Amino acid sequence: MDFTDKDLVSIRDLDREQIEYILDLSKKMVPYARGEKVKRALDGKIMANLFFEPSTRTKLSFESAAYRLGCDVIDVSEMSMTSIAKGETLADTIRMVDAYCDAIVLRHPYEGAARLAADVSSKPVINAGDGAGSHPTQMLLDLFTMKEVKGSLDGLNVALVGDLKYGRTVHTLAQALTMFGVKLTLVAPESLQMPQDIVDNLKAKGCNPVKTSVLEDAISDADVLYVTRIQRERFPDPAEYQKVAGTYRIDNATLRTAKKDMIIMHPLPRVNEIATEVDDTPHARYFEQAFNGVPVRMAILCALMGGEM
Ligand code: NCD
C-alpha cells in the first residue's frame with residue numbers, strides 16, 4: 001500500500017484497508033519503539049513538529065517515533081516564538097516550514113487548520129489535533145490498543161464517555177469504529193453529546209449509537225470504556241464548564257458490574273474522571289495506550305515519508 005506523500009488530516013483520509021495496514025505496521029514497530037531493535041528507516045529525513053496548543057504525549061511520542069527511525073526533528077511550541085506573532089499567516093508559515101522538512105506535524109487550536117496546512121504544503125501534513133475537530137493519529141493508536149488487547153475490533157461494544165461535543169479524539173474514533181461494525185454507546189451530559197453531523201455520519205455508515213447521560217447504563221455491557229476529559233479550554237463560557245465539570249468519575253465502586261475483561265481507555269490527560277485506585281486494576285489500559293503512541297506514530301511517519309521497514 002502506498003502512502004508516500006499523503007496527508008493525514010481527518011478520518012476522510014483513511015479507509016478500513018488503510019487503517020489495517022497502519023495497525024499491522026505499528027505491530028512490527030513495537031520492538032523498535034521499545035529500543036530493543038534499531039532500524040534507521042528515515043535516516044536523513046526531517047520532521048517538523050508545530051505544536052500551537054499544549055501537549056505532552058502527542059508531541060513527545062512523535063519526537064520519540066521520529067528519533068527511533070533515525071529521523072531528525074525541528075520544532076516550535078508556541079506561536080509567540082514564530083513570525084505568526086509578527087502577523088504572518090498560518091499559510092505562509094507552513095510554506096516556509098515546508099521548505100525546511102519532509103513532513104509537518106501540526107497541532108492548532110482552530111478546527112480546519114490542518115486541512116489548510118495540507119492545502120499549501122507540498123510535504124505530508126499530519127494533524128495532531130485541530131481544535132475540537134479531528135485527532136486521527138490518536139484514533140489509530142486507540143484502535144491499535146483495542147485490537148492488541150481484544151484480538152479484534154469487529155463487533156466490540158464500545159462506550160464513549162465524557163465530553164463528546166468538544167472532544168476531537170472521540171469525533172475521529174467514533175467514525176473509525178463504524179468501519180469495524182462496533183456497537184457504540186455515547187455517554188455524555190445532554191449539553192455535551194456528540195455533534196449531530198457526526199451522529200448522522202455514523203448512521204449513514206450503518207451504526208446506530210445509543211445515547212445516554214447515565215454512566216451506569218453503559219458499564220455492564222461494555223467491552224471498552226473510552227473515557228475523556230471535559231475540554232475546559234473549548235467552552236465559550238466558564239460558567240457552562242462549571243455546570244458539567246466532574247459529571248462522571250469512575251472508581252472501583254462504579255466498576256462493580258463491569259465485565260471482568262472490560263478495558264478502560266483514556267487519551268489522557270485525565271483531570272478527575274478516573275480515580276487513581278482504578279490504575280491498579282486489570283481494566284486500566286491508558287498508560288499502555290499512551291506508550292502505543294510511539295509504535296503507531298512510527299508506522300505513520302514511515303508510511304507517509306517513504307521509509308522501508
Ligand atoms: C487529547 C487531545 O489533545 O485532544 N490528548 C491527547 O492528544 N492525548 C485529549 C485531551 O486533551 O483531553
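## Contacts of the ligand

A backbone N or O atom of Pro267 lies 2.9 Å from a nitrogen atom of the ligand. The protein covers 93% of the 320 Å² of accessible area that the ligand has on its own. The model described here is a predicted one.

In Thr58, a side-chain N or O atom is 2.9 Å from an oxygen atom of the ligand. In His135, a side-chain N or O atom is 2.8 Å from an oxygen atom of the ligand. A pair of N or O atoms counts as a polar contact if the two lie within 3.5 Å.

## Surroundings of the ligand

The residues around the ligand are Thr58, Arg107, His135, Gln138, Arg168, Thr169, Arg229, Gln231, Pro267, Leu268 and Pro269. Sorted by class, this shell has 5 polar, 3 charged and 3 nonpolar residues.

## Aromatic pairs

There are 4 aromatic pairs in the structure. One of them joins Phe235 and Tyr241: the ring centres are 5.6 Å apart and the planes stand at 75°, so this pair is edge-to-face. The cut-off behind that label is an angle over 60 degrees. Are Phe235 and Tyr241 buried or exposed? Both residues are buried.

Tyr286 and Phe287 form an aromatic pair as well, with 5.1 Å from centre to centre and 70° between the planes. This pair is also edge-to-face. Tyr286 has a relative accessibility of 1% and therefore counts as buried, since buried means under 20%.

Which residues form one aromatic cluster? The cluster consists of Tyr166, Phe235 and Tyr241.

Terms used: Residues are numbered from 1 along each chain as its sequence is written. This is a predicted model: local features need pLDDT of at least 70, side-chain atom pairs count only at pLDDT 80 or more; totals for chains, interfaces and linings use all residues. Side-chain values use heavy atoms; hydrogens and water are left out. A residue is near a molecule or strand if one of its heavy atoms lies within 4 Å of it. A polar contact is a pair of N or O atoms within 3.5 Å; within protein, one must be able to donate a hydrogen and the other to accept it, and residues adjacent in sequence count only if both atoms are side-chain atoms. Accessible areas come from the Shrake-Rupley method with a 1.4 Å probe; for residues, only the protein chains shown count as cover. Ala, Val, Leu, Ile, Met, Phe, Trp, Tyr, Cys and Pro count as nonpolar, Asp, Glu, Lys and Arg as charged, and the others, Gly among them, as polar. Rings of Phe, Tyr and Trp (its six-membered ring) pair if their centres lie within 6.5 Å; planes under 30 degrees apart count as stacked, over 60 as edge-to-face and the rest as tilted. Buried means under 20% relative accessible area, exposed over 50%, partly exposed in between (1.4 Å probe, protein chains only).
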